[in-house]
Amino acid sequence: MKERILSYLEQNARMSHGDIATMLGITEAEVSAIVKECEADGTIMNYKTIIDWEKAGKSCVTALIELKTIPQRDKGFDSVAERVCNFPEVKSVCLMSGGFDLAITVECNTMREVAFFVAEKLATIEGVTATATHFELQKYKENGVSFPTHRSVL
């Protein structure tokens, strides 16, 4: 039951507990209790709105930055990842398999700001040995939500 409730909320965080209860054939109080428990134990970490910032008139540059680093004794990749997470322009950090160790998504106002971020903040972290930056040209889907495709990159 808990997984089904979480699945509904993941698809639409604004779905009412009453609507979920009706779909599952349980009481609204039962749904509310499970949601409250999941919020308290950290299973539900946050409620987030997906915004089409281009449509809202805000332009920004999104980049995926691959980071190669030397794992530290007793900490592995965690200490570098924690440092990277503290930068406000960083939207996500993931440990990856393959040629690079960390995949970092950043949002800045300009490509120049991304370049500065890589050169002055990421590359200077102890243990970082290489970076590769990829700029997002067009967003088609984010967190399961599709964006309009009528926009042109060029």
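A crossing of two helices is called right-handed if the near helix is turned clockwise from the far one by less than a right angle, and left-handed if it is turned anticlockwise. In this predicted model, α2 passes α3 in a right-handed crossing. The crossing of α1 and α2 is right-handed as well. The structure also holds 3 salt bridges.

**Helix α2 against helix α3**

- Helix α2 covers residues 17-24 and helix α3 covers residues 28-40.
- Their axes come within 8 Å and cross at roughly 115°.
- Angles from 65 to 115 degrees count as roughly perpendicular, so α2 is described as roughly perpendicular to α3.
- On the α2 side, the contact is made by H17, G18, I20 and A21.
- On the α3 side, E28, V31, S32 and V35 take part.
- By type, the residues of this contact of α2 with α3 are 4 nonpolar, 3 polar and 1 charged.

**Helix α1 against helix α2**

- The axes of α1 and α2 lie 11 Å apart, and the two helices pack at an angle of about 130°.
- The two helices are therefore oblique to each other.
- From α1, the residues R4, I5, Y8 and L9 meet I20, M23 and L24 of α2.
- The residues of the contact of α1 with α2 divide into 6 nonpolar and 1 charged, with no polar residue.
- I20 of α2 meets residues of α1, and I20 is also listed in the contact of α2 with α3.

**Salt bridge K2 with E37**

- Side chains of opposite charge can pair when their charged atoms come close.
- In the pair of K2 and E37, the closest N and O atoms are 4.0 Å apart.
- K2 has a relative accessibility of 33% and counts as partly exposed.
- E37, at 46% relative accessibility, counts as partly exposed too.

**Salt bridge K121 with E89**

- K121 and E89 form a salt bridge in which the closest N and O atoms are 3.1 Å apart.
- This pair links distant parts of the chain, 32 residues apart: K121 is in helix α5 (residues 111-122), while E89 is in the loop between α4 (78-85) and β2 (90-95).
- K121 is partly exposed, at a relative accessible area of 24%.

**Salt bridge E142 with K139**

- The side chains of E142 and K139 meet in a salt bridge with an N to O distance of 2.7 Å.
- E142 counts as partly exposed, with 26% relative accessibility.
- K139 is partly exposed, with a relative accessible area of 23%.

- E89 sits in the loop between α4 and β2.
- Buried means under 20% relative accessible area; E89 has 15%, so E89 is buried.
- Leaving aside neighbours within four places in sequence, E89 is in contact with T105, V106, E107, C108, F117 and K121.
- K121, one of these contacts, is the salt-bridge partner of E89.

Key. Residues numbered from 1 in each chain as written. Predicted model: local features only at pLDDT ≥ 70, side-chain atom pairs only at ≥ 80, totals over all residues. Heavy atoms only, no water. Axes fitted to C-alpha atoms, helices over the stretch in contact; angles between N-to-C directions. Helix = DSSP H or I, 4+ residues; strand = E, 2+ residues; numbered from the N terminus. Parallel < 35°, antiparallel > 145°, perpendicular 65-115°, else oblique. Contact = heavy atoms within 4.5 Å. Nonpolar A, V, L, I, M, F, W, Y, C, P; charged D, E, K, R; others polar. Buried < 20%, exposed > 50% of the residue type's maximum accessible area, 1.4 Å probe, protein only.
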